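Visitor: I am new to this structure and would be grateful for a guided introduction. May we look at it together?

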Amino acid sequence: MQCRLEIEKTRFLVLEAANQLDLFGNKVARGAIAMAKVAAPNMALKVLDTAIQVHGAAGVSTDFALSYLWASARTLRLADGPDEVHLGTIAKLELSRARL
């Protein structure tokens with residue numbers, strides 16, 4: 001059940017980012033996009049980690065694709081820049097919003 005919650009939370013973040021991008025353009029949607037870029041790979045890793053845990057030692061064997069999928073998801077966290085870059089973007093936007 002926890003995995004389903006993580007998937008839905010991330011899905012709504014991605015939909016919100018896409019909606020902002022469509023309605024207002026990339027400058028306004030920058031924060032939502034950064035949040036989605038952090039949330040999606042982290043969610044995938046959490047879900048895969050849970051699946052590996054459920055399968056026990058078989059989860060890291062070549063009998064299942066879980067170890068390959070986990071390695072791919074881990075690489076995805078770096079593909080579009082490390083989380084720290086996106087978290088920095090979110091922090092800057094939040095600080096500028098607080099200085100109204």
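This is a predicted model: local features need pLDDT of at least 70, side-chain atom pairs count only at pLDDT 80 or more; totals for chains, interfaces and linings use all residues.

Visitor: How many helices and strands does the protein have, and what pattern do they follow?

Guide: The secondary structure comes to 4 helices and 0 strands. Read along the sequence, the pattern is α-α-α-α.

Visitor: How far apart are the end C-alpha atoms of α2, and what span should its 30 residues have?

Guide: The helix α2 runs over 26-55. At 1.5 Å a residue, its 30 residues should span 44 Å. That expectation agrees with the distance between its end C-alpha atoms, which is 41 Å.

Visitor: Where does α2 bend, and by what angle?

Guide: The bend in α2 lies at A32, a residue that is also among the buried ones of this helix. The angle there is about 35°.

Visitor: Which helices are included in what covers the buried residues of α2?

Guide: The buried residues of α2 include A29, V38, M43, L45, L48 and I52. Their cover includes elements from elsewhere in the chain, among them α1 (2-24) and α4 (83-98). The helices included are α1, α3 and α4.

Visitor: Leaving aside neighbours within four places in sequence, which residues are in contact with I52?

Guide: I52 belongs to the largest nonpolar core and is one of the buried residues of α2. Once its neighbours within four places in sequence are set aside, its contacts are G59, V60, L66 and W70.

Visitor: What radius of gyration does the protein have, and what would a compact globule of 100 residues have?

Guide: The C-alpha atoms fill a box of roughly 55 × 25 × 20 Å along the principal axes. A compact globule of 100 residues would have a radius of gyration near 13 Å, but the value for this protein is 16 Å.

Visitor: What percentage of the residues count as buried?

Guide: A residue counts as buried when its relative accessible area is under 20%. The protein exposes about 7000 Å², of which carbon and sulfur atoms supply 64%. Of its 100 residues, the share that count as buried is 25%.

Technical notes. Residues are numbered from 1 along each chain as its sequence is written. Side-chain values use heavy atoms; hydrogens and water are left out. A nonpolar core is a set of buried Ala, Val, Leu, Ile, Met, Phe, Trp, Tyr and Cys residues joined through side-chain atoms within 4.5 Å. Buried means under 20% relative accessible area, exposed over 50%, partly exposed in between (1.4 Å probe, protein chains only). Helices (H or I, at least four residues) and strands (E, at least two) are DSSP runs, numbered from the N terminus. Contact means heavy atoms within 4.5 Å. The expected span of a helix is 1.5 Å times one less than its number of residues. The bend at a residue is the angle between axes fitted to the seven residues ending there and the seven starting there. The radius of gyration is taken over C-alpha atoms; the globule rule is 2.2 Å times the number of residues to the power 0.38. Accessible areas come from the Shrake-Rupley method with a 1.4 Å probe; for residues, only the protein chains shown count as cover.
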